[in-house]
Amino acid sequence: MSVAGPGFINISLSDEYLARCLAEHPLCEPTAQPRRIVVDYSSPNVAKEMHVGHLRSTVIGDAIVRMLTLAGHTVIRQNHVGDWGTSFGRLIAYLDDLDSTELVENNLRDIERLYVAASRRFEEDTDFANRARAAVLKLQEQDSGVLRTWQQFIDVSLTHMQQIYERLDILLTPDDVRGESTYNRELPGIISSLRSAELLVESDGAQCVFVEGFKGKDGNPLPMIVQKSDGGYLYHTTDLATLRHRCGELHADQVIYFTDARQILHFELLFAVARMARFAGSKTRLEHQIFGSILNADGEPFKTRSGENILLSDLIDEAEKRALDIVSEKSPHLASSAQQEIAHLVAIGAIKYADLSKNRIHDYKFNWDSMLALEGNTAPYLQYAFARINAIFVRGNIDKDAVNREAVLIEQPEEHDLAVRLLRFQEVLDQAVEECKAHYLCNYLYDLTVHFTRFYERCNVLNAESKTRQSRLVLCALTADALQTGLGCLGIATLTRM
């Protein structure tokens with residue numbers, strides 16, 4: 001320890017201390033205070049293809065789920081899909097008017113085409129709008145004919161959704177889907193509970209809850225409307241039922257929602273009403289974690305030239321095509337099948353990392369060239385570093401998992417700096433988990449890789465003297481472990497060759 005200037009204390013870690021820590025401590029350890037955490041993410045509306053607007057919630061939520069799991073928490077994934085409400089009333093009413101030969105085929109783009117047409121007619125035709133609203137009520141009343149048509153939409157949509165998740169290597173499965181429709185039977189009970197708690201106020205025939213401090217733009221008290229004058233329910237009601245289920249039935253210690261910033265007011269009001277109605281206990285952590293938008297190079301919303309949202313399937317196709325061009329150029333000796341497999345993993349990693357490496361609360365610009373670059377803070381750069389480390393052990397015919405961690409002998413500045421970075425994994429993981437911000441982990445992995453590269457360039461590994469060789473092999477193995485574990489937390493695969 002030394003004093004530097006007025007009031008600053010410098011603490012230097014000795015090489016012997018660093019070596020001992022590397023030998024004795026694992027990369028990370030589970031928390032001593034595990035929680036049951038429900039994470040609500042992705043949550044697209046069905047009857048529409050998943051587009052780029054669904055990317056951030058899906059990718060960010062999935063990374064946080066993986067990090068929470070590694071940290072030792074019990075994580076319950078929830079995909080609260082929009083499978084109920086007025087949009088389905090429009091679709092059902094529109095289908096009722098079509099000739100049977102024109103009915104929707106088993107293809108999601110056809111359903112989306114119908115939805116666009118139905119929405120346009122809803123705005124232009126008062127009679128149709130009334131029939132669409134009536135169809136919503138029939139849906140809520142469990143009308144068998146309406147439910148049958150509705151189920152067709154759901155089946156096609158969920159199949160498409162799962163295909164996208166599998167291509168992106170997202171952990172969500174059909175078992176994690178808990179759509180709005182799941183809570184339909186519980187909505188009358190929500191109204192009864194609010195009434196029993198003396199929270200309901202009738203306003204123009206609708207049932208509302210007013211929370212002190214919430215005001216509209218006009219300065220008047222802002223209500224949460226939970227039941228319309230015609231008896232229909234709203235998404236506020238469904239969200240209250242959802243939150244009550246997660247706290248009461250799933251016994252959550254913490255509930256995390258990932259949506260964009262436009263829903264800040266909704267969640268503030270939701271959490272306040274849930275507390276007042278005792279749907280959520282005072283000790284249960286309720287968190288709305290927001291994120292910004294994906295922009296193009298000009299800072300505008302990232303869409304097609306025609307102004308339409310870019311479909312996720314098309315985005316993945318384009319990423320794989322661009323990645324394959326790079327892999328084919330860099331590794332022409334590989335078989336076509338190997339090139340395609342590598343291109344897929346590089347493409348998915350690049351898409352995810354471009355998002356996760358940015359502070360989620362900010363907008364970010366989507367740029368194909370930078371996200372697929374083999375240099376800089378990108379997934380391909382980190383994946384290439386892991387492949388390079390793997391190549392060291394292949395050339396030396398050494399089992400990476402069998403190296404003796406106690407053999408570390410730190411002698412060079414580059415070894416010292418790399419050891420310090422390796423020992424920071426736990427604190428970075430803890431910070432990323434606590435703040436639900438994956439960019440802390442991304443920045444750490446990039447910094448680790450930069451320091452490994454310096455170490456690799458200046459410290460010969462395989463041709464070093466015996467003890468030094470063993471020590472440097474341990475540093476290589478530990479770096480590979482940190483990269484594989486860290487990228488795994490981001491949902492990004494590591495590659496043994498590129």
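**Close-ups of a predicted protein model**

**Figure 1. The whole protein, before we zoom in.** The accessible surface comes to about 23,900 Å², and carbon and sulfur atoms own 46% of that (Shrake-Rupley method, 1.4 Å probe; for residues, only the protein chains shown count as cover). What you're looking at is a predicted model, so local features need pLDDT of at least 70 and side-chain atom pairs count only at pLDDT 80 or more, while totals for chains, interfaces and linings use all residues. Residues are numbered from 1 along each chain as its sequence is written, and side-chain values use heavy atoms, with hydrogens and water left out. The C-alpha trace spans about 85 × 55 × 40 Å along its principal axes. In it are 17 helices and eleven strands (DSSP runs numbered from the N terminus: H or I of at least four residues for helices, E of at least two for strands). Of the 498 residues, 51% are buried (under 20% relative accessible area; exposed is over 50%, partly exposed in between; 1.4 Å probe, protein chains only). Take the contacts (heavy atoms within 4.5 Å) between residues at least 6 apart in sequence: 76% of them join residues at least 24 apart.

Figure 2. The structure holds one cavity of 30 Å³ or more, and the largest cavity has a volume of about 40 Å³. Here a cavity is a set of points on a 1 Å grid over the protein atoms alone where a 1.4 Å probe fits but cannot get out, and lining residues have an atom within 4 Å of a point. Grid points are joined across faces, edges and corners, and the volume is the space filled by probe spheres set on the points. Its lining is made up of Ile 60, Asp 355, Leu 356, Lys 358, Arg 360, Lys 437, Ala 438 and His 439. Asp 355 sits in helix 11 (residues 336–356) and is buried, at 1% relative accessible area. Skip its neighbours within four places in sequence, and Asp 355 is in contact with Arg 56, Ile 60 and Tyr 364. Gly 281 is another story: 74 residues away along the chain, its C-alpha is 34 Å from that of Asp 355.

**Figure 3. Arg 472 and its contacts.** Arg 472 belongs to helix 17 (residues 466–489). This arginine counts as buried because its relative accessible area is 9%. Neighbours within four places in sequence aside, Arg 472 is in contact with Gln 412, Glu 415, Phe 455, Cys 459, Asn 460, Val 461 and Ala 464.

**Figure 4. Arg 195 in helix 7.** Now for an arginine in helix 7 (residues 187–196), Arg 195. With a relative accessible area of 46%, Arg 195 is partly exposed. Beyond neighbours within four places in sequence, its contacts are Leu 200 and Gln 207. Gln 207 is twelve residues from Arg 195 in sequence, with 9.5 Å between their C-alpha atoms.

**Figure 5. Two loop residues with positive phi.** Most residues other than glycine have a negative phi. Ser 42, not a glycine, has a positive phi of about 70°. You'll find Ser 42 in the loop between strand 3 (36–40) and helix 2 (55–70), where it is buried at 5% relative accessibility. His 251, not a glycine either, has a positive phi of about 55°. The loop that holds His 251 runs between helix 8 (235–248) and strand 8 (254–260).

Methods: On a 1 Å grid over the protein atoms alone, a cavity is a set of points where a 1.4 Å probe fits but cannot get out, and a pocket is an open set with protein on both sides within 12 Å along at least five of seven lines; lining residues have an atom within 4 Å of a point.
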